[in-house]
Amino acid sequence: MDNIIIVIKSSQLCCLIVFLQLFFLSKSQYGGIGCDKNPLFIFGDSTISRGHDGKVTSFRADYAPYGITRGNLNVSRFTNGYTFTDYLVEAMDLNKTGVLGDFDIAQVFPGGGYNFAFGSAGILPQTGKAYGTTFGLDQQIIMFRDALKDCYLNTPQNISEEIVHCLMKATFVIAVGTNDYIESTVRPHLYNIHPNSTFDFAYALIQLLRKHLEDLYTWGARKFLLFQIGPLDKYPVHSVMNSTADEIIQQITTFNTELQSMADELSDDLPDSFFYIVKTYLIISELIESNNEMPDKNNDTDPCCEVKNGTLLCAPNGQFCEDTTTYMFWDALHLTEPAHSYLAKRYCDEKSVCSSSPIAFSYARAHSRPRPTYLAHCLILLLTLLYFPPRL
């Protein structure tokens, strides 16, 4: 009988020890910088920019009718209201200040994330320069690294492990490449590789993008959300691109195929990394061809707003459609808010990436897993003594 009791006590003790280990592991020293939720770092172009591009580039949306649906957002997006990332932040229940607002980066970075995306940005450094100063993907990553150094890594407090843990929980969103294709057809003299060489141009873009992603990985990024390029042959912008619809389809399809291959390779090459693809091309193509998700849509070819001559953007204080739910495109390049809403809903319905629970991201494993605290060890020792008091 005594042996049976000892076995039962041993079993109970093992379960209790495992519980305490997991409990104190989850209550470890991490989270002191606001990483109880998963930060969102956004890089790319105007399709996901929060609109902080003013005055340094002519490619900006800080005027009416941009943001008109949301009461002219303080820093307008390139649409009439919300974008994909606005909806993603809401779905993940994150702090909107850093990702969506205009603020001092040091206030919440990195615990609250930040949106580095910039209108007219591209993968190639020359993309967007025709509009003035542009912060391409390379410059955005430099800004991210500088902020990381300035805000935390160079401070006296030894919190680098917390930062690493925070970044491993974060989602890094990258939507870029559209402007490279548009501008390379409009201004081919700025590019060494002509876009008509479909594979060569896509390969050059993907190789540079890969280098940037590996750079982010070096700085702690583990979970990446990559956007395909949308079906530009169906966008109003196709009218200014010096390519036929078939050529545009071939170019974009080649890039998106190479993007998937790169993501698969990086997932294998970079330990603990995870790459997800937003299938923008497929989702938007289906949305254009069907009215099931936007039942009021009756125009999927023209922009809702009056487009300024010689640009892709709305004319300042120009006219716009009365009901944005009937239009797919806001201007010649960007979707309306209802289309952004569907894109986000479609992706969030299929992926756990939109969950705000840290458990959903437990696969972003830390290289140095935090050990149970000193208090946990003391309690485990105490319980062991209570269950098995020493014989005197």
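User: Which residues lie nearest the centre of the second largest pocket?
Analyst: This is a predicted model, in which local features need pLDDT of at least 70 and side-chain atom pairs count only at pLDDT 80 or more, while totals for chains, interfaces and linings use all residues. Residues are numbered from 1 along each chain as its sequence is written, and side-chain values use heavy atoms, with hydrogens and water left out. A pocket is an open set of points on a 1 Å grid over the protein atoms alone, where a 1.4 Å probe fits, with protein on both sides within 12 Å along at least five of seven lines; lining residues have an atom within 4 Å of a point. Of the 17 residues lining the second largest pocket, those nearest its centre are Tyr131, Gly310, Thr311, Leu312 and Leu313.

User: How many residues of each class are in the lining of the second largest pocket?
Analyst: Ala, Val, Leu, Ile, Met, Phe, Trp, Tyr, Cys and Pro count as nonpolar, Asp, Glu, Lys and Arg as charged, and the others, Gly among them, as polar. By these classes, the lining has 10 nonpolar, 3 polar and 4 charged residues.

User: Why is helix H6 largely enclosed by the rest of the structure?
Analyst: Helices are DSSP runs (H or I, at least four residues), numbered from the N terminus. Buried means under 20% relative accessible area, exposed over 50%, and partly exposed in between (1.4 Å probe, protein chains only). The cover over the buried residues of H6 includes helix H7 (198-218) and helix H8 (245-269). Helix H6 (residues 178-186) is largely enclosed because its buried residues number 8 of the 9.

User: Is arginine 210 buried or exposed?
Analyst: Arginine 210 forms a salt bridge with glutamate 214, with 3.1 Å between the closest N and O atoms. Glutamate 214 is partly exposed at 30% relative accessibility. Arginine 210 has a relative accessible area of 15% and is therefore buried.

User: What is the relative accessible area of lysine 297?
Analyst: The side chain of lysine 297 meets that of aspartate 300 in a salt bridge (3.5 Å, N to O). Aspartate 300 is partly exposed, at 23%. Lysine 297 is buried, and its relative accessible area is 3%.

Note on methods:
Helices (H or I, at least four residues) and strands (E, at least two) are DSSP runs, numbered from the N terminus. Contact means heavy atoms within 4.5 Å. A salt bridge is a side-chain nitrogen of Lys or Arg within 4 Å of a carboxyl oxygen of Asp or Glu.
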